Amino acid sequence: MKNSRKQSYLMSVLLICVMTITSCKVTSQEPKKDIVIGKNLKWSDKMALTLMKRHPEAYMLDDAKKPKWDYVHALVLHSIEELYKKNPDPRYKAYVRGYVDELVQADGEIKTYEFDKYNIDLVVPGRLLFDIYAETKQDKYLKALQQIRKQLAEQPRTASGGFWHKQIYPNQMWLDGLYMGEPFYTQYTVTFENGKSLDDIAKQFELIQLHATDPKTGLLYHGWDESKQMPWANKETGNSPNFWSRALGWYVMALVDVLDYFPKDHPKQKELVKYLNNASEALAKYQDKSGLWYQVTDRAGGKDNYLEASGSSMFAYAFAKGANKGYLPAKYKKLANKAFDGLTTVLIKKVDEDGGITLTNCCQVAGLGGTPYRDGSYEYYVNERKKDNDPKATGPFILAALELNR
């Protein structure tokens, strides 16, 4: 009898636990009802509030089920951080801060951050710490910043001095990595080190510019393997075989963001501005009449190629910011507005009853090598899965909207 009662009690406890977990899970995924997305808002606010309504906690971005130190969250939250500077809505600040405080512990350790994987993608969330530390002066944020800086100090490098993209991708530099590492690295060295590493930062761009640029189109290939050993690598140049718009987008965004912290009188500053002009000039030739760019940049009209949201948003942002800052000629502001028009008329096809917006044709993910193996072929890029409102598109969309005041 006792065993029967004990089993019944345990079953009741188990049932309550399951119901509690299920209830929490459902509640956490419910949209925030207190967020109203007005039709007269700017696009930057519309997108930010859409994301906040659909993902009530910032860690839920990209449909994540639990908090994770991740570059996609960082990209969107950086854009919301920039939005807060233009429109100081306290909800924006709280959304960013909630993510950081969920992950940065009292001792400065960062939950889920795997230092020893030397994944340069995990450096970019560190950008969220600068403003919070400057405001609060809490030691835990400084310790977290120092930990990420330590990763860069120990990050494996190619023989010529370029950061490996990850420990598992030896001797490889990807265009993505310039955005993941260099803006944080630049802001850190200027803020805390009197700019001692600016030459090293410029060298990362010099290497990729030297080795990954196609002399015919002026576009840059997605990846460069200095060892030329990877099956995707050209045996003479080490480059991957195609131009991927998002990779190029990471590159030009890295340039305009790094230049925020590069002193104008630094010998390498003009060099970086030149790289931005070279890449922008090449990209402008491939802008579609819609204002957008194709997933595989130079293959308009190719089978299954499509006008892609993340690369187009990134180019709109880099062109607009480059023109606003005087790095690029004024005509690029017009090209940026044309791109933004394409995003809002071609790729945002409907507005929900609650005012929420959805950006379509976002490539969800693409890379080189790995398991399962990604060969960098044209067919590979055009057949990778898509995801509406993917963070790699929505973050740059907000940044572009801010630069264009739209």
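This is a predicted model: local features need pLDDT of at least 70, side-chain atom pairs count only at pLDDT 80 or more; totals for chains, interfaces and linings use all residues.
Local features are given only where pLDDT is at least 70 and side-chain atom pairs only at pLDDT 80 or more, while totals for chains, interfaces and linings use all residues. Residues are numbered from 1 along each chain as its sequence is written, and side-chain values use heavy atoms, without hydrogens and water.

**Helices**

Helices (DSSP runs of H or I, at least four residues) and strands (runs of E, at least two) are numbered from the N terminus. The expected span of a helix is 1.5 Å times one less than its number of residues.

Helix α6 covers residues 139-154. Its 16 residues reach 23 Å from the first C-alpha to the last, close to the 22 Å expected. Buried residues (under 20% relative accessible area; exposed is over 50%, partly exposed in between; 1.4 Å probe, protein chains only) of α6 include Tyr 141, Leu 142, Leu 145, Ile 148 and Leu 152. Lys 140, Arg 149, Gln 147 and Gln 151 are buried in α6 as well. The buried residues of this helix pack against α4 (90-103), α5 (127-136) and α7 (175-192). Such packing is counted by contact, meaning heavy atoms within 4.5 Å.

Helix α9 has 14 residues, which should span 20 Å, and its end C-alpha atoms are 20 Å apart, in agreement. Because 14 of the 14 residues of α9 are buried, this helix is largely enclosed by the rest of the structure.

**Pockets and cavity**

Rolling a probe the size of a water molecule over the atoms shows where empty space is left. On a 1 Å grid over the protein atoms alone, a cavity is a set of points where a 1.4 Å probe fits but cannot get out; a pocket is an open set with protein on both sides within 12 Å along at least five of seven lines; lining residues have an atom within 4 Å of a point. Grid points are joined across faces, edges and corners, and a volume is the space filled by probe spheres set on the points. In the table, Ala, Val, Leu, Ile, Met, Phe, Trp, Tyr, Cys and Pro count as nonpolar, Asp, Glu, Lys and Arg as charged, and the others, Gly among them, as polar.

| Space | Volume | Lining residues by class |
|---|---|---|
| Largest pocket | about 750 Å³ | 12 nonpolar, 6 polar, 13 charged |
| Second largest pocket | about 340 Å³ | 4 nonpolar, 2 polar, 11 charged |
| Largest cavity | about 60 Å³ | 6 nonpolar, 3 polar, 1 charged |

The largest pocket is lined by 31 residues, and Asp 70, Tyr 71, Asn 119, Asp 121 and Lys 166 lie nearest its centre. Helices α3 (71-86), α7 and α9 (245-258) each supply at least two residues of this lining.

The second largest pocket has a volume of about 340 Å³. Of the 17 residues that line this pocket, His 78, Glu 82, Lys 85, Asp 260 and Lys 321 are the closest to its centre. Two or more lining residues come from each of α3, α5, α11 (309-324) and α14 (391-404). Helix α3 gives the most, with 5 residues.

The structure holds 1 cavity of 30 Å³ or more. Residues lining the largest cavity include Ile 120, Phe 163, Trp 164, His 165, Trp 174 and Glu 182. Strand β1 (172-174) and α7 each supply at least two residues of its lining, and α7 gives the most, with 3 residues.

**Loop residues**

Asn 305 is in the loop between β3 (293-294) and β4 (307-308). At 11% relative accessibility, Asn 305 counts as buried. A polar atom of its side chain lies 3.4 Å from the backbone nitrogen of Gln 295. Leaving aside residues up to four places away in sequence, Asn 305 touches Tyr 294, Gln 295, Val 296, Arg 299, Ala 300, Tyr 378 and Val 382.

Most residues other than glycine have a negative phi, and most peptide bonds are trans. Asp 304, not a glycine, has a positive phi of about 70 degrees. Asp 304 also lies in the loop between β3 and β4, and is partly exposed, with a relative accessible area of 42%. Asn 389 has a positive phi near 55 degrees. Asn 389 is in the loop between α13 and α14 and is buried, with a relative accessible area of 11%.

A cis peptide bond, with omega about -5 degrees, joins Thr 371 and Pro 372. Pro 372 is found in the loop between α12 (331-347) and α13 (378-383).

Conventions. A polar contact is a pair of N or O atoms within 3.5 Å; within protein, one must be able to donate a hydrogen and the other to accept it, and residues adjacent in sequence count only if both atoms are side-chain atoms.
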